[in-house]
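User: I would like a close look at one part of this model. Please keep it brisk and define your terms as you go.

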Amino acid sequence: MGRSLFRRCRSVLTSRRRGVLAPRRRTALAATVLAAMTAAAPGVQPLPGTSAAAAAPTYASGAPSAALGPNVPFDPAPARAALERLLPSRAAQFTLVPVEVPTSGDYFTVSGKAGAIVVRGTSPATLLTGVGWYLERVAGVDLGWPGASVGRLPGTLPAVARTITRSASVPHRYALNDTDEGYSGAYRDFASYQHDIDLMALHGVNEVFVPTGAEYPYYRALQEFGYSPAELRAWIPAPAHQGWWLLQNLSGFAGPVSDQLVEARATLGGRITRHLRSLGMTPVLPGFFGTVPSDFATRNQGAVTVPQGRWVGFDRPNWLDPTGPVFARLAAAYYRFQQARFGDSDMFKMDLLHEGGVAGGVDVAAAAGAVQRALDTASPGATWVMLGWQNNPTPALLSGVDRRRVLIVDGLSDRYDGLDREARWGGTPYAFGTIPNFGGHTSIGANTGAWVDRFHAWLGRQDSALRGIAYLPEGTGGNPAAFDLFTELAWQPGPIDQKSWFAGYAARRYGGADPHAAAAWEQLRRGPYSMRSGTWSEPQDSLFAARPALTAATAAKWSPKAMRYDAATVERALAELLQVAPRLRTTDAYRFDLVDVARQALTNRSRVLLPRIRAAYEAEDLAGFRALVREWQKQEELLGRLVGSDRRFLIGPWLADARSWGADRAERDRLEYDARSILTTWADRVPSESGGLHDYANREWSGLVQDVYAPRWAAYFASLDRALVNGTQPLALDWFAHDDAWARGHQRYPTTPTGDPFALAGEVLAALAAPAGPAGAADTLRSPRIRLQYRSQPATRKVSTGESLPTH
């Protein structure tokens with residue numbers, strides 16, 4: 001195909017994907033281009049759903065890309081390579097067939113006899129989506145994020161009784177929050193990112209935010225505007241905190257970074273973007289909207305900057321007025337260096353005036369228009385991705401841009417009731433999004449009822465501007481059921497029946513149907529996965545991880561203050577999981593879920609124990625107080641052993657990864673502090689304490705439980721005990737000093753798990769069934785009075801979308 005024809009194809013197909021063209025014009029143009037493609041490639045046969053798209057030739061397993069003929073729309077080799085990584089012992093039984101994209105969008109079919117499965121798809125990623133659908137719907141196994149049961153596959157894969165056909169209902173299937181790298185692990189290696197991308201493709205995602213190495217274009221471009229490399233390395237934060245620098249919230253924290261670190265991260269980011277492109281997925285890159293050092297205007301004649309004030313205790317970087325004479329030159333330099341290192345993209349993520357940004361005297365509409373023009377100059381026709389969060393994007397900002405080339409990834413679709421995104425954003429294309437996790441908390445649950453009720457209803461509106469889904473947890477790698485269900489929204493032709501979906505999930509999660517697995521997941525569905533919308537999109541976090549206080553209601557400042565579901569459902573789920581058939585207990589998915597559910601059940605009990613400890617203290621009942629404190633500490637000790645039995649709940653790998661990026665001892669120490677602090681203090685004393693950032697990223701991991709959370713509570717309870725004995729007030733304790741000492745420490749932690757998850761989960765269930773507290777005053781979970789304390793406390797108050805929300 002000639003270069004001009006290729007450009008026509010790319011223009012039409014990317015315009016269709018973005019939802020820029022009207023359907024009639026889009027169809028006509030696509031038909032014209034596809035007809036031209038057919039003429040250029042004789043012998044092409046049409047696909048279902050289009051009059052001119054080609055049915056590509058079949059390539060058996062391992063077909064070399066050199067064998068590609070002129071009529072093949074794309075190289076299936078990257079999908080083949082991913083399949084061999086994900087299913088090394090079964091990949092040879094799949095044949096992957098590339099097909100053209102019909103005018104209706106991405107599409108896959110699955111067919112074939114036993115041991116010879118044929119998957120046809122419109123991109124390498126869509127081929128993998130078809131494989132994922134086969135694994136779940138035909139083979140009855142799960143390859144989740146995290147947890148897998150593919151070890152239960154038979155030697156010969158089962159036949160497909162009837163051809164499976166699925167089309168994406170929306171062009172945009174977006175994934176990853178701005179915060180994901182910080183809260184999921186900024187120091188991972190390429191193999192880890194590659195595995196996550198392969199999993200996202202397996203679940204139908206086609207657009208992924210890539211901040212890795214984003215410091216590189218700033219580092220290089222600003223050297224052309226009066227800054228030395230050393231000055232810029234001091235301005236750029238360490239990797240775990242860079243997400244908030246890209247959001248214009250802070251600068252310099254945990255630095256300085258080194259030149260070798262900037263270079264290494266740019267190299268990794270380049271590999272990530274190339275891998276995404278090889279699968280036909282779009283790397284969404286950070287765009288330039290004006291973040292500069294505070295003295296930029298004094299070094300650059302004619303530049304106008306606006307101080308951005310403070311963000312929860314941090315001094316924010318300045319904003320370079322996009323309407324001024326210097327912005328376009330700096331933006332051009334930024335994109336030049338970005339493209340040279342990471343390649344081009346047609347999607348760029350930017351959020352002007354995020355979480356309290358100051359416009360000053362700048363015309364916001366004009367500024368937004370200038371930002372879009374600079375983007376369009378660097379990457380003609382590119383889409384500007386914005387986060388729908390708090391009151392952003394504002395009507396003023398949207399009035400200054402070509403809205404057809406904007407995609408708003410909505411972070412609030414399932415959080416509040418009564419939302420009208422078409423009215424709020426004036427018909428701007430948007431993606432139905434969810435943030436079911438803040439800070440990487442280990443809590444189980446999501447507002448899945450809102451997902452299945454709203455997505456297709458919003459998509460079916462007469463004036464719908466809904467063009468995608470956006471999976472936006474602040475930290476990934478947990479809640480596999482939520483990831484699976486949410487990404488499936490885009491591939492089902494109509495609303496999903498939540499109860500039936502969870503029943504199907506239970507049947508495949510451990511590689512075989514089991515009545516106890518079904519009962520366990522029905523309890524989880526009724527409890528943490530059926531939380532109501534109206535106020536929150538995430539579950540409550542852990543009181544074991546909270547700063548000690550008798551009135552503690554949450555660990556992170558902005559988390560829910562009470563149980564969002566009946567916690568008895570989680571205990572019943574744990575009891576059922578422990579009865580799952582032995583043949584299914586060997587799967588990775590079972591072991592992860594068992595630890596996770598047992599952890600959640602134990603965590604929920606803390607919300608019963610703490611009020612009883614408070615009551616004993618206020619009644620000056622020393623014996624009762626001590627008995628309840630012993631119970632609390634026994635549960636914390638058990639929690640530490642439990643989470644130590646699964647690698648995904650260990651802090652050791654998190655810290656070892658951070659140190660592995662350092663070139664010398666000093667840099668290794670700085671990077672370890674970066675990785676430790678974001679989980680504990682988050683920052684220095686003022687942002688941590690006055691800003692409320694401490695424990696924002698709390699999580700029940702082995703290492704944190706034993707050396708951060710348990711010692712805090714032990715010191716606190718000891719202070720209360722002394723106060724009861726002496727008749728005095730308890731001592732004030734400096735929690736920041738305690739946490740900061742740990743964050744700056746270098747104690748090594750295990751990188752491999754210890755203990756038997758099944759035995760430990762059994763200990764948890766037994767501990768929760770046993771009486772708590774002094775004899776004669778024991779209330780168990782099954783006591784009606786205690787159960788009332790566990791019951792869901794749904795929000796009935798309507799909350800405006802402008803309410804104060806959790807910070808990123």
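How much space lies in the second largest cavity? Please also set it against the other spaces and a strand of the structure.

Analyst: The model is predicted, so local features need pLDDT of at least 70 and side-chain atom pairs 80 or more, while totals for chains, interfaces and linings use all residues. Numbering starts from 1 along each chain as its sequence is written, and side-chain values use heavy atoms, without hydrogens or water.

The second largest cavity holds about 100 Å³ of space. A cavity is a set of points on a 1 Å grid over the protein atoms alone where a 1.4 Å probe fits but cannot get out; lining residues have an atom within 4 Å of a point. Volume is the space filled by probe spheres on points joined across faces, edges and corners.

Thr129, Gly132, Trp133, Glu136, Leu202, His203, Asp484, Thr487, Glu488 and Trp491 line the second largest cavity. By class, that lining has three nonpolar, four polar and three charged residues. (Nonpolar covers Ala, Val, Leu, Ile, Met, Phe, Trp, Tyr, Cys and Pro; charged covers Asp, Glu, Lys and Arg; the others, Gly among them, are polar.) Two helices, α4 (124-139) and α17 (480-488), each supply at least two residues. The largest share is from α4, with four residues. (Helices are DSSP runs of H or I, at least four residues; strands are runs of E, at least two; both are numbered from the N terminus.)

Look at α17 next. Nine of its nine residues are buried, so α17 is largely enclosed by the rest of the structure. (Buried means under 20% relative accessible area, with a 1.4 Å probe and protein chains only.) Asp484, Thr487 and Glu488 line the second largest cavity.

The whole structure has nine cavities of 30 Å³ or more. Helix α6 gives the most, four residues. This lining has ten nonpolar, three polar and four charged residues.

Helix α6 (190-202) returns in the second largest pocket. There α6 again gives the most, with four residues. α5 (180-184), α21 (588-618) and α23 (652-660) each supply at least two residues as well. (A pocket is an open set with protein on both sides within 12 Å along at least five of seven lines.) About 1,000 Å³ of space lies in this pocket. Its lining counts 42 residues; Ser184, Thr476, Gly477, Arg648 and Trp701 lie nearest the centre. The lining divides into 16 nonpolar, 16 polar and ten charged residues.

Last, the strand. Six of the six residues of β14 (residues 383-388) are buried, so β14 is largely enclosed by the rest of the structure. Thr383, Val385 and Leu387 point one way, and Trp384, Met386 and Gly388 the other. Its parallel neighbours are β13 (residues 347-349), joined by three bridges, and β15 (residues 406-410), joined by five. (Strands pair if DSSP finds at least two bridges between them.) Trp384 of β14 is the bridge partner of Phe348. Val385 has Leu407 of β15 as its bridge partner.

Note on methods: Buried < 20%, exposed > 50% of the residue type's maximum accessible area, 1.4 Å probe, protein only.
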